[in-house]
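Here is a short tour of a few local features, meant to be read with the model open beside you.

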Amino acid sequence: MQFKTFDIIPHDTKFDFVGKRHIAVALSLVVNLAVIVWSLPFVHGLNMGVDFAGGTEMEVQFGKAVDPADIRKTVEDLGFKGASVQTYGAEAEHTFLIRVERISLLTEADVARVADAVKAKLPVAGFAFNPEFGDKIDFQFSGAVDAAAVRAAVEAAGVKVRDVREEQGLTAGTRSYAVITQGIQENVQAGLKDHLGDAQPNVRRVEYVGPAAGRELQAQGLKAILYAIGLIVVYIGLRFDFRFSPGVVIAMLHDAIMTMGYFTITGREFNLTSIAVILTVVGYSVNDTVVIYDRIRENQAKLRGRSLSDIVNLSINEVLGRTFLTSFATALSLIGLLVYGVGTIFDFSMAMLFGIISGTYSTWFIAAPMTIWLEERAEKKKAKAKGAAAAAAAQPQARTAK
């Protein structure tokens, strides 16, 4: 790689990547194992976002600096034990993410009381309540009723209503309404104004995800990663040779775990965006690895008789400049997002930076050297089998000679 006035990496670089592979693999094993252990729920665990854990997440901005401990105490005093309060964005914006595990304030007893109150005044044909869908009760009436009458009947039971929405009736002549009661958002907002009113709390965003939906999203996210790795393995097998695939798989797993390590170590929220980061890093990693494998294949054809270790070392050194520049340019594109991005954008950029560094490292020290190790292992097995066959053939001859 040559610029007009200087070379970043000299053309005749002959760094012994293969010679350092044992140290690199040992180091990677230790770090990867540490990340996996630290990510286990009973050790430390990932800070699962509402996407995966389920619950209610609110983005609240204050007019001045507020101690997160005061926010947490206020929320927990409202009955939401184990609430999570996390700084969101730049410190000067005084914005926090408040997360509670529940998505509904209504209990079965509340719903029964409300249903009895509505039945007493209106022709209720049926009602439904699912706590995973939030503070919402669906009523079906056997005749025409007014939304205001529904609201009045529910509030007569002591439950405040945020909205009453008319829905399509299930059968002809019936009317259906979804009653959305005031829930966690209003409760927390009122509590913050009561206790931290001078800081002018303002709820900017609220998201709800039920536990079942969260588990489903977790499963889908894991499937997405596994499918991506599987398809890449097939591509590498068809593009080169399936003996290269194990190295690619190990390198991809290494980079995925390292990227997850960013979220584990920093405690940043692990959500659907994090899955997108891991998938992007996996794609970047395999792209970088394919370049090295391509050069190895070319050099194997040109330099017959030389050991695979020499060819791998030569190939990595030949494309060292390209790999470095590609990684450097990709990292540069993230600088702006790291400087100006906040919240999810900052996490995405920082995790991507981790992934790029890991992907470059794994290309040099994990993928290709792993192929050498597998080749050497296969050669040893072949030699051992050949030796055993020769020994077996020699035994009858020895007996005949006696």
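Two strands count as paired if DSSP finds at least two bridges between them; strands (E, at least two residues) and helices (H or I, at least four) are DSSP runs numbered from the N terminus. This is a predicted model, in which local features need pLDDT of at least 70, side-chain atom pairs count only at pLDDT 80 or more, and totals for chains, interfaces and linings use all residues. Residues are numbered from 1 along each chain as its sequence is written, and side-chain values use heavy atoms, without hydrogens and water.

Four strands form an open sheet in the order 3-4-2-9, paired antiparallel. Strands 3 and 9 each have a single partner strand, so one side of each lacks a neighbour in the sheet.

| Edge strand | Residues |
|---|---|
| Strand 3 | 84-87 |
| Strand 9 | 202-209 |

Strand 3 runs antiparallel to strand 4 (residues 95-100), and four bridges join them. Here threonine 87 lies opposite phenylalanine 96 of strand 4.

Finally, valine 339 sits in helix 11 (residues 320-340). Valine 339 is exposed, at 55% relative accessible area, where exposed means over 50% with a 1.4 Å probe and protein chains only.

Key
Buried means under 20% relative accessible area, exposed over 50%, partly exposed in between (1.4 Å probe, protein chains only).
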